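Reader: Could you take me through the fold of this chain? I would like to begin with how its elements are defined.

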Amino acid sequence: MMTHRERLLAVLRGDRVDRVPIWLLFPYAPAPYYTDVRANPHYRPVMGLADRYALTLNRRGLGAGLFAPEVRQGHEDTTDGPWRVRRQWIEYRGRRLWAEQRTGPGPAQIKKLLETEDDLHVYCSLPLNTDPARIAADLEAQLPRYLAERDAFPPEAGAMMLDLGEPIGPLYGSANLTEYPVWSVTCFDEITDWLDRHMQRVRIIYDWCLQRDLAEVYFLVGSELASPPMLSPATFDRWIVPYARELIERIHAHGRYAIQHYHGQIRLILPRFLEMGADALHTIEAPPTGDCTLAEAFEVVGDRIALIGNVQYDCFRSYTPAQMARAVRDVLAEANGRRLILSPSAGPYEHEISRRVAANYLAFLRAGWHAGQRRAR
(Lines give C-alpha, C1' and ligand atoms only; values in the text may rest on other atoms or scores of the structure.)
Protein backbone atom coordinates (compact mmCIF):
# COMPACT_ATOMS: atom_id res chain seq x y z
CA MET A 1 0.00 0.00 0.00
CA MET A 2 1.26 3.48 -0.86
CA THR A 3 2.00 6.04 1.85
CA HIS A 4 0.20 9.38 1.86
CA ARG A 5 3.35 10.99 0.51
CA GLU A 6 3.72 8.50 -2.32
CA ARG A 7 0.05 8.87 -3.23
CA LEU A 8 0.22 12.69 -3.23
CA LEU A 9 3.33 12.90 -5.39
CA ALA A 10 2.00 10.29 -7.80
CA VAL A 11 -1.16 12.29 -8.44
CA LEU A 12 0.83 15.49 -8.89
CA ARG A 13 3.05 13.69 -11.44
CA GLY A 14 0.09 12.11 -13.19
CA ASP A 15 1.04 8.55 -12.17
CA ARG A 16 -1.30 5.80 -11.02
CA VAL A 17 -2.29 5.49 -7.36
CA ASP A 18 -3.74 2.67 -5.28
CA ARG A 19 -6.62 4.86 -4.08
CA VAL A 20 -7.79 8.46 -4.38
CA PRO A 21 -5.79 10.67 -1.97
CA ILE A 22 -7.74 12.59 0.67
CA TRP A 23 -6.76 16.06 1.89
CA LEU A 24 -8.75 17.74 4.68
CA LEU A 25 -6.66 20.96 4.56
CA PHE A 26 -5.87 20.30 8.22
CA PRO A 27 -2.58 21.98 9.20
CA TYR A 28 0.19 20.08 10.90
CA ALA A 29 1.84 23.06 12.61
CA PRO A 30 -0.43 25.90 13.82
CA ALA A 31 -1.42 28.36 11.09
CA PRO A 32 -3.12 31.76 11.54
CA TYR A 33 -5.91 31.03 9.04
CA TYR A 34 -6.97 27.67 10.59
CA THR A 35 -7.70 26.40 14.06
CA ASP A 36 -4.97 24.24 15.57
CA VAL A 37 -6.69 20.89 15.02
CA ARG A 38 -4.01 18.92 16.83
CA ALA A 39 -4.39 20.90 20.05
CA ASN A 40 -8.13 21.60 19.78
CA PRO A 41 -10.27 19.16 21.82
CA HIS A 42 -13.25 19.65 19.48
CA TYR A 43 -11.28 17.94 16.69
CA ARG A 44 -9.94 15.10 18.83
CA PRO A 45 -12.59 12.59 17.63
CA VAL A 46 -11.50 13.26 14.03
CA MET A 47 -7.73 13.35 14.28
CA GLY A 48 -7.01 9.64 14.71
CA LEU A 49 -8.85 8.74 11.51
CA ALA A 50 -7.53 11.85 9.74
CA ASP A 51 -3.92 10.82 10.31
CA ARG A 52 -4.73 7.31 9.11
CA TYR A 53 -6.76 8.15 6.00
CA ALA A 54 -5.76 11.67 4.90
CA LEU A 55 -2.54 13.21 3.67
CA THR A 56 -1.18 16.41 5.14
CA LEU A 57 0.24 19.36 3.25
CA ASN A 58 2.06 21.34 5.92
CA ARG A 59 1.28 24.82 4.62
CA ARG A 60 3.72 27.44 5.84
CA GLY A 61 4.66 30.97 4.81
CA LEU A 62 7.90 32.90 4.45
CA GLY A 63 8.03 36.56 3.51
CA ALA A 64 9.92 39.81 3.41
CA GLY A 65 8.97 43.44 3.86
CA LEU A 66 6.85 44.83 1.03
CA PHE A 67 8.21 48.36 0.94
CA ALA A 68 11.68 49.88 0.72
CA PRO A 69 13.06 51.13 4.08
CA GLU A 70 12.36 54.78 3.29
CA VAL A 71 8.63 54.03 3.57
CA ARG A 72 7.69 54.51 7.22
CA GLN A 73 5.10 52.19 8.74
CA GLY A 74 3.43 51.92 12.11
CA HIS A 75 0.30 51.23 14.08
CA GLU A 76 -1.47 52.59 17.13
CA ASP A 77 -4.16 51.24 19.45
CA THR A 78 -6.57 53.71 21.01
CA THR A 79 -10.14 53.94 22.27
CA ASP A 80 -13.01 56.14 21.17
CA GLY A 81 -15.73 55.92 23.79
CA PRO A 82 -16.80 52.26 23.90
CA TRP A 83 -14.86 51.45 20.72
CA ARG A 84 -11.39 49.91 20.54
CA VAL A 85 -9.54 51.35 17.58
CA ARG A 86 -6.54 49.85 15.82
CA ARG A 87 -5.02 52.08 13.15
CA GLN A 88 -2.19 51.14 10.78
CA TRP A 89 -0.40 53.69 8.63
CA ILE A 90 2.15 54.02 5.83
CA GLU A 91 3.98 57.28 5.13
CA TYR A 92 6.33 58.39 2.37
CA ARG A 93 7.46 61.92 1.50
CA GLY A 94 4.77 63.51 3.64
CA ARG A 95 1.92 61.44 2.21
CA ARG A 96 0.14 59.05 4.56
CA LEU A 97 -2.26 56.17 4.01
CA TRP A 98 -4.07 54.60 6.93
CA ALA A 99 -6.39 51.70 7.68
CA GLU A 100 -8.60 51.36 10.72
CA GLN A 101 -10.61 48.70 12.49
CA ARG A 102 -13.10 49.57 15.22
CA THR A 103 -14.50 46.89 17.50
CA GLY A 104 -16.98 47.45 20.28
CA PRO A 105 -20.70 47.41 21.00
CA GLY A 106 -21.81 46.95 17.39
CA PRO A 107 -20.54 45.28 14.21
CA ALA A 108 -16.87 45.88 13.48
CA GLN A 109 -16.19 48.99 11.38
CA ILE A 110 -13.38 48.69 8.87
CA LYS A 111 -11.66 51.35 6.80
CA LYS A 112 -9.33 49.88 4.20
CA LEU A 113 -5.92 51.34 3.40
CA LEU A 114 -7.05 52.14 -0.16
CA GLU A 115 -10.49 53.76 -0.18
CA THR A 116 -10.14 56.24 -3.04
CA GLU A 117 -8.38 56.52 -6.36
CA ASP A 118 -6.05 59.09 -4.82
CA ASP A 119 -5.08 56.51 -2.18
CA LEU A 120 -4.33 54.07 -4.98
CA HIS A 121 -2.09 56.62 -6.75
CA VAL A 122 -0.07 57.10 -3.55
CA TYR A 123 0.18 53.35 -2.94
CA CYS A 124 1.39 52.63 -6.47
CA SER A 125 4.07 55.33 -6.14
CA LEU A 126 5.64 53.80 -3.01
CA PRO A 127 9.10 52.25 -3.54
CA LEU A 128 9.02 48.48 -3.11
CA ASN A 129 11.53 46.21 -1.42
CA THR A 130 13.43 44.68 -4.33
CA ASP A 131 16.88 44.55 -2.75
CA PRO A 132 18.01 40.88 -2.80
CA ALA A 133 20.26 41.33 0.23
CA ARG A 134 17.51 42.93 2.33
CA ILE A 135 14.97 40.29 1.28
CA ALA A 136 17.47 37.50 2.05
CA ALA A 137 18.06 38.95 5.52
CA ASP A 138 14.31 38.93 6.23
CA LEU A 139 14.02 35.33 5.06
CA GLU A 140 17.12 34.16 6.91
CA ALA A 141 15.62 35.45 10.15
CA GLN A 142 12.61 33.14 9.66
CA LEU A 143 14.56 30.12 8.47
CA PRO A 144 15.38 28.48 11.84
CA ARG A 145 11.70 28.36 12.80
CA TYR A 146 10.75 26.96 9.41
CA LEU A 147 13.48 24.30 9.45
CA ALA A 148 12.38 23.21 12.93
CA GLU A 149 8.82 22.82 11.64
CA ARG A 150 10.06 20.84 8.65
CA ASP A 151 12.14 18.57 10.90
CA ALA A 152 9.09 17.93 13.11
CA PHE A 153 6.87 17.00 10.16
CA PRO A 154 6.66 13.24 9.42
CA PRO A 155 7.52 13.03 5.69
CA GLU A 156 5.39 9.94 5.04
CA ALA A 157 2.32 12.02 6.00
CA GLY A 158 2.56 14.18 2.86
CA ALA A 159 4.77 17.15 2.08
CA MET A 160 5.83 20.59 3.19
CA MET A 161 3.98 23.27 1.23
CA LEU A 162 5.08 26.90 0.96
CA ASP A 163 2.59 29.72 0.37
CA LEU A 164 4.73 32.67 -0.78
CA GLY A 165 2.06 34.85 -2.36
CA GLU A 166 1.54 36.30 -5.82
CA PRO A 167 1.96 39.91 -6.99
CA ILE A 168 -1.74 40.82 -6.70
CA GLY A 169 -2.07 39.83 -3.04
CA PRO A 170 -1.04 42.95 -1.09
CA LEU A 171 -2.92 45.36 -3.35
CA TYR A 172 -6.10 43.30 -3.24
CA GLY A 173 -5.85 42.91 0.53
CA SER A 174 -5.49 46.67 1.00
CA ALA A 175 -8.30 47.73 -1.34
CA ASN A 176 -11.91 48.68 -0.79
CA LEU A 177 -13.46 45.92 -2.87
CA THR A 178 -16.36 48.06 -4.04
CA GLU A 179 -13.82 50.40 -5.70
CA TYR A 180 -11.32 47.75 -6.82
CA PRO A 181 -13.34 46.64 -9.91
CA VAL A 182 -13.64 50.28 -11.01
CA TRP A 183 -9.88 50.78 -10.67
CA SER A 184 -9.31 47.76 -12.91
CA VAL A 185 -10.77 49.95 -15.67
CA THR A 186 -9.75 53.49 -14.72
CA CYS A 187 -6.26 52.64 -13.41
CA PHE A 188 -5.43 49.48 -15.33
CA ASP A 189 -2.02 50.60 -16.59
CA GLU A 190 -0.97 52.04 -13.24
CA ILE A 191 -1.83 48.82 -11.39
CA THR A 192 -0.20 46.71 -14.10
CA ASP A 193 3.01 48.69 -13.70
CA TRP A 194 2.84 48.16 -9.92
CA LEU A 195 2.37 44.41 -10.42
CA ASP A 196 5.37 44.27 -12.75
CA ARG A 197 7.49 46.03 -10.13
CA HIS A 198 6.17 43.86 -7.32
CA MET A 199 6.94 40.72 -9.30
CA GLN A 200 10.63 41.57 -8.88
CA ARG A 201 10.26 41.09 -5.12
CA VAL A 202 8.11 37.95 -5.44
CA ARG A 203 10.60 36.42 -7.88
CA ILE A 204 13.47 36.91 -5.42
CA ILE A 205 11.51 35.24 -2.59
CA TYR A 206 10.60 32.20 -4.70
CA ASP A 207 14.14 31.79 -6.01
CA TRP A 208 15.60 32.04 -2.52
CA CYS A 209 13.31 29.24 -1.27
CA LEU A 210 13.69 27.06 -4.34
CA GLN A 211 17.48 27.27 -4.32
CA ARG A 212 17.45 26.00 -0.71
CA ASP A 213 14.97 23.20 -1.52
CA LEU A 214 12.72 24.21 1.36
CA ALA A 215 9.51 22.52 0.18
CA GLU A 216 8.25 20.01 -2.35
CA VAL A 217 4.94 21.77 -3.02
CA TYR A 218 4.13 25.45 -3.55
CA PHE A 219 0.60 26.83 -3.04
CA LEU A 220 -0.37 29.77 -5.23
CA VAL A 221 -3.27 31.80 -3.83
CA GLY A 222 -3.85 34.74 -6.12
CA SER A 223 -5.89 33.78 -9.16
CA GLU A 224 -9.23 34.32 -7.41
CA LEU A 225 -8.23 37.89 -6.49
CA ALA A 226 -8.50 39.28 -10.03
CA SER A 227 -11.06 37.10 -11.75
CA PRO A 228 -14.56 37.21 -13.23
CA PRO A 229 -17.17 38.28 -12.39
CA MET A 230 -15.46 40.93 -10.26
CA LEU A 231 -12.90 41.74 -12.96
CA SER A 232 -12.86 41.00 -16.68
CA PRO A 233 -11.20 37.96 -18.29
CA ALA A 234 -8.83 40.38 -20.04
CA THR A 235 -7.74 41.72 -16.64
CA PHE A 236 -7.21 38.17 -15.38
CA ASP A 237 -5.07 37.51 -18.44
CA ARG A 238 -2.77 40.39 -17.54
CA TRP A 239 -2.82 40.57 -13.75
CA ILE A 240 -2.69 36.83 -13.00
CA VAL A 241 -1.69 34.58 -15.90
CA PRO A 242 1.84 35.79 -16.79
CA TYR A 243 3.04 36.01 -13.20
CA ALA A 244 1.61 32.62 -12.18
CA ARG A 245 2.99 31.00 -15.32
CA GLU A 246 6.49 32.32 -14.60
CA LEU A 247 6.39 31.28 -10.93
CA ILE A 248 5.17 27.79 -11.84
CA GLU A 249 7.91 27.47 -14.47
CA ARG A 250 10.47 28.36 -11.78
CA ILE A 251 8.96 25.78 -9.42
CA HIS A 252 9.07 23.09 -12.10
CA ALA A 253 12.63 24.01 -13.07
CA HIS A 254 13.64 22.92 -9.56
CA GLY A 255 11.68 19.66 -9.79
CA ARG A 256 8.94 20.80 -7.41
CA TYR A 257 5.15 20.92 -7.69
CA ALA A 258 2.61 23.75 -7.83
CA ILE A 259 -1.00 23.76 -6.62
CA GLN A 260 -3.22 26.70 -7.47
CA HIS A 261 -6.16 27.74 -5.30
CA TYR A 262 -9.37 29.24 -6.67
CA HIS A 263 -12.86 29.79 -5.25
CA GLY A 264 -15.89 30.84 -7.27
CA GLN A 265 -16.89 31.05 -10.91
CA ILE A 266 -14.15 29.37 -12.91
CA ARG A 267 -15.80 28.02 -16.06
CA LEU A 268 -14.92 30.98 -18.30
CA ILE A 269 -11.25 31.06 -17.34
CA LEU A 270 -10.56 27.38 -16.65
CA PRO A 271 -8.47 26.95 -19.84
CA ARG A 272 -6.11 29.64 -18.50
CA PHE A 273 -5.11 27.29 -15.68
CA LEU A 274 -3.78 24.87 -18.27
CA GLU A 275 -1.78 27.74 -19.72
CA MET A 276 -0.37 28.62 -16.30
CA GLY A 277 0.70 25.00 -15.94
CA ALA A 278 0.14 24.03 -12.31
CA ASP A 279 0.12 20.38 -11.29
CA ALA A 280 -3.19 20.63 -9.41
CA LEU A 281 -6.08 23.04 -8.88
CA HIS A 282 -8.13 23.46 -5.70
CA THR A 283 -11.12 23.81 -5.93
CA ILE A 284 -13.89 23.32 -8.52
CA GLU A 285 -17.28 24.53 -7.24
CA ALA A 286 -20.58 23.57 -8.81
CA PRO A 287 -23.64 25.86 -8.78
CA PRO A 288 -24.88 27.67 -6.78
CA THR A 289 -21.52 28.46 -5.14
CA GLY A 290 -19.59 28.31 -8.40
CA ASP A 291 -20.48 27.66 -12.02
CA CYS A 292 -18.66 24.47 -12.99
CA THR A 293 -19.19 20.85 -12.01
CA LEU A 294 -16.27 18.50 -11.52
CA ALA A 295 -17.29 16.50 -14.59
CA GLU A 296 -17.43 19.68 -16.69
CA ALA A 297 -13.99 20.70 -15.42
CA PHE A 298 -12.49 17.33 -16.37
CA GLU A 299 -13.90 17.78 -19.87
CA VAL A 300 -11.68 20.88 -20.15
CA VAL A 301 -8.52 19.76 -18.35
CA GLY A 302 -8.53 16.02 -19.09
CA ASP A 303 -5.49 14.50 -17.38
CA ARG A 304 -3.26 17.56 -17.82
CA ILE A 305 -3.90 18.78 -14.30
CA ALA A 306 -5.15 17.14 -11.08
CA LEU A 307 -8.34 18.55 -9.60
CA ILE A 308 -8.76 18.85 -5.83
CA GLY A 309 -12.22 18.85 -4.31
CA ASN A 310 -14.96 19.05 -3.68
CA VAL A 311 -17.52 18.88 -0.94
CA GLN A 312 -18.59 22.33 0.20
CA TYR A 313 -17.50 23.23 3.71
CA ASP A 314 -21.07 24.23 4.65
CA CYS A 315 -22.20 20.67 3.91
CA PHE A 316 -20.21 19.52 6.94
CA ARG A 317 -22.66 21.55 9.05
CA SER A 318 -25.90 20.66 7.26
CA TYR A 319 -25.60 17.04 6.05
CA THR A 320 -26.23 13.86 7.93
CA PRO A 321 -23.32 11.40 7.87
CA ALA A 322 -25.25 9.29 5.33
CA GLN A 323 -25.66 12.32 3.07
CA MET A 324 -21.97 13.14 3.45
CA ALA A 325 -20.94 9.62 2.46
CA ARG A 326 -23.22 9.84 -0.59
CA ALA A 327 -21.72 13.22 -1.55
CA VAL A 328 -18.21 11.74 -1.39
CA ARG A 329 -19.20 8.81 -3.57
CA ASP A 330 -20.79 11.24 -6.04
CA VAL A 331 -17.54 13.25 -6.29
CA LEU A 332 -15.56 10.06 -6.91
CA ALA A 333 -18.03 8.98 -9.57
CA GLU A 334 -17.75 12.37 -11.30
CA ALA A 335 -13.98 12.06 -11.39
CA ASN A 336 -14.38 8.58 -12.86
CA GLY A 337 -10.80 7.50 -12.29
CA ARG A 338 -9.14 10.72 -13.44
CA ARG A 339 -6.54 12.71 -11.46
CA LEU A 340 -8.31 13.70 -8.23
CA ILE A 341 -7.48 14.56 -4.65
CA LEU A 342 -10.66 14.38 -2.58
CA SER A 343 -11.03 17.47 -0.41
CA PRO A 344 -13.45 19.87 1.26
CA SER A 345 -13.70 23.31 -0.32
CA ALA A 346 -12.21 25.06 2.73
CA GLY A 347 -10.12 24.41 5.78
CA PRO A 348 -10.98 24.10 9.49
CA TYR A 349 -11.34 27.76 10.39
CA GLU A 350 -13.86 27.21 13.20
CA HIS A 351 -12.41 26.77 16.66
CA GLU A 352 -15.51 25.03 17.99
CA ILE A 353 -17.38 22.45 15.92
CA SER A 354 -20.57 20.55 16.63
CA ARG A 355 -20.88 16.79 16.98
CA ARG A 356 -22.52 16.76 13.55
CA VAL A 357 -19.51 18.43 11.91
CA ALA A 358 -17.17 15.97 13.61
CA ALA A 359 -19.38 13.05 12.51
CA ASN A 360 -19.37 14.36 8.95
CA TYR A 361 -15.58 14.60 8.90
CA LEU A 362 -15.50 10.93 9.92
CA ALA A 363 -18.08 10.00 7.27
CA PHE A 364 -16.08 11.93 4.65
CA LEU A 365 -12.89 10.08 5.57
CA ARG A 366 -14.43 6.61 5.68
CA ALA A 367 -16.32 6.99 2.42
CA GLY A 368 -13.32 8.52 0.68
CA TRP A 369 -10.97 5.80 1.87
CA HIS A 370 -13.15 2.82 1.00
CA ALA A 371 -14.83 4.07 -2.18
CA GLY A 372 -11.60 5.76 -3.28
CA GLN A 373 -9.85 2.41 -3.68
CA ARG A 374 -12.43 1.34 -6.26
CA ARG A 375 -12.24 4.69 -8.06
CA ALA A 376 -8.43 5.03 -8.17
CA ARG A 377 -6.69 5.47 -11.51
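Author: Helices (H or I, at least four residues) and strands (E, at least two) are DSSP runs, numbered from the N terminus. This is a predicted model, in which local features need pLDDT of at least 70 and side-chain atom pairs count only at pLDDT 80 or more, while totals for chains, interfaces and linings use all residues. Residues are numbered from 1 along each chain as its sequence is written, and side-chain values use heavy atoms, with hydrogens and water left out.

Reader: Where does Asp-213 lie?

Author: Asp-213 lies in the loop between H7 and E7. Its phi is positive, about 55°, although Asp-213 is not a glycine.

Reader: Which residue other than glycine has a positive phi near 55°?

Author: Asn-336 has such a phi, and Asn-336 is placed in the loop between H13 and E11. Asn-336 counts as exposed because its relative accessibility is 51%. As background, most residues other than glycine have a negative phi, and most peptide bonds are trans.

Reader: Which peptide bonds are cis?

Author: The bond from His-282 to Thr-283 is cis, with omega near 15°. The bond from Pro-287 to Pro-288 is also cis, with omega near 5°. Thr-283 is found in the loop between strand E9 (280–282) and H11, and Pro-288 is found in the loop between E9 and H11.

Reader: Turning to the sheet, what is the strand order?

Author: The order is E1-E6-E7-E8-E9-E10-E11, with 7 strands forming an open sheet in parallel pairing. Two strands pair if DSSP finds at least two bridges between them. The edge strands, each pairing on one side only, are E1 (56–60) and E11 (340–344). From one strand to the next, the twist averages 30°.

Reader: How many bridges join E1 to E6?

Author: There are 5 bridges between E1 and the parallel strand E6 (residues 158–162). Thr-56 has Gly-158 as its bridge partner in E6, and Arg-60 has Leu-162. E6 also pairs with E7 (residues 217–221) in the parallel sense, over 2 bridges, where Leu-162 stands opposite Tyr-218.

Reader: And is E6 covered or exposed?

Author: E6 is mostly covered, with 5 of its 5 residues buried.

Reader: On to the helices: at what angle do H7 and H9 pack?

Author: H7 (residues 188–211) and H9 (residues 241–253) pack at about 15°, with their axes 11 Å apart. Axes are lines fitted to C-alpha atoms, for helices over the stretch in contact, and angles run from 0 to 180 degrees between N-to-C directions. That angle makes H7 roughly parallel to H9; angles under 35 degrees count as roughly parallel, over 145 as roughly antiparallel, 65 to 115 as roughly perpendicular and the rest as oblique.

Reader: Which residues make the contact of H7 with H9?

Author: They include Leu-195, Met-199 and Tyr-206 of H7, and Tyr-243, Leu-247 and Ile-251 of H9. Contact means heavy atoms within 4.5 Å.

Reader: What about H11 and H13?

Author: H11 (residues 294–301) and H13 (residues 321–335) pack at about 25°, with axes 8 Å apart. H11 and H13 are therefore roughly parallel to each other. Their contact is made by Leu-294, Ala-295 and Phe-298 of H11 with Val-331, Glu-334 and Ala-335 of H13.

Methods. Buried means under 20% relative accessible area, exposed over 50%, partly exposed in between (1.4 Å probe, protein chains only).
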